[in-house]
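User: I would like to learn how to read a structure like this one. Could you take me through its features?

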Amino acid sequence: MSSDKGFDLIREYERSTDPIPAFNDDGVRSVLEDISKIYQENYAHAITFNETGDRKLLPLVMYRHNLIKRQKRCVLAYLSNRLFRLKRLRWHIGPILPPEIKSCINDPESAWFNKYSRILAEYMASIHDGYGLNLTNDIKPPKSLYIEVRCLTDYGKFELESGEIVLLKKNSQHYLPKLQCEQLIRQGILQHIT
């Protein structure tokens with residue numbers, strides 16, 4: 001009776017090395033079915049307890065009630081941790097998820113991510129008297145305004161705010177403004193050379 005499907009769901013999630021593992025639809029469904037089954041059994045014993053007053057059933061009813069609460073907490077922890085990782089990905093990767101991550105999330109998570117990205121973008125646009133401020137640029141305070149970077153893939157032309165166009169080819173090195181290339185660093189296109 002005391003299956004630990006909820007805890008197994010969390011354990012599997014925490015052991016994953018992926019940025020966000022694929023949504024375990026079968027695991028969540030299994031935990032919800034387990035909760036429903038335990039509830040039905042508990043309801044029948046609770047009715048019997050109310051009708052007969054048999055105190056022997058009370059510990060079993062309380063145990064099952066606590067088991068239901070635990071399983072619900074496990075499912076909510078699983079879902080909450082997934083949203084936390086999605087939020088962290090928004091700050092590090094940006095508003096567009098790579099296909100390998102997008103394939104691991106379900107439709108409600110995708111809708112949540114898009115809504116969170118929109119709210120964050122609206123907030124960043126409203127800062128500094130309507131001029132806007134990109135809060136995702138400087139996760140760490142800059143030590144200098146320009147940094148040396150190495151291109152890890154053939155990206156093509158990259159236009160700087162000054163209008164200068166830089167050709168980013170694989171293994172080429174450039175000295176670029178930190179603010180303008182930090183997003184490309186987070187996406188894995190550029191690598192900061194220290």
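Analyst: Start with helix 6 (residues 178–186): Lys178 and Glu182 are four residues apart in this helix, so about one helical turn separates them. Helices (H or I, at least four residues) and strands (E, at least two) are DSSP runs, numbered from the N terminus. This is a predicted model: local features need pLDDT of at least 70, side-chain atom pairs count only at pLDDT 80 or more, and totals for chains, interfaces and linings use all residues. Residues are numbered from 1 along each chain as its sequence is written, and side-chain values use heavy atoms, with hydrogens and water left out.

User: What do the side chains of Lys178 and Glu182 meet in?

Analyst: Side chains of opposite charge can pair when their charged atoms come close. A salt bridge is a side-chain nitrogen of Lys or Arg within 4 Å of a carboxyl oxygen of Asp or Glu. Lys178 and Glu182 form one, at 2.8 Å from N to O.

User: How many salt bridges does a search of the whole structure find?

Analyst: The search finds nine. One of them joins Asp25 and Arg29, with the closest N and O atoms 3.0 Å apart. These residues are four apart in helix 2, so about one helical turn lies between them. Asp25 is partly exposed, with a relative accessible area of 38%. Arg29 is partly exposed as well, at 39%.

User: Which residues make the nonpolar surface patch?

Analyst: Patches are made of residues with over 30% relative accessible area and no salt bridge: like charges are joined within 9 Å, nonpolar side chains (Val, Leu, Ile, Met, Phe, Trp, Tyr) within 5 Å. Areas come from the Shrake-Rupley method with a 1.4 Å probe; for residues, only the protein chains shown count as cover. Here Tyr39, Tyr43 and Ile47 make a patch of about 300 Å². Tyr39 sits in helix 2 (residues 25–52).

User: How many disulfides are found?

Analyst: A disulfide is a pair of cysteine sulfur atoms within 2.5 Å. The whole structure has zero. For Cys151, the nearest cysteine sulfur is that of Cys181, 11 Å away.

User: Which domains is the chain divided into?

Analyst: Domain bounds come from an automatic or database domain assignment. Domain 1 covers 5–126 and domain 2 covers 146–192. Their centres, taken over C-alpha atoms, are 40 Å apart.

Note on methods
Buried < 20%, exposed > 50% of the residue type's maximum accessible area, 1.4 Å probe, protein only.
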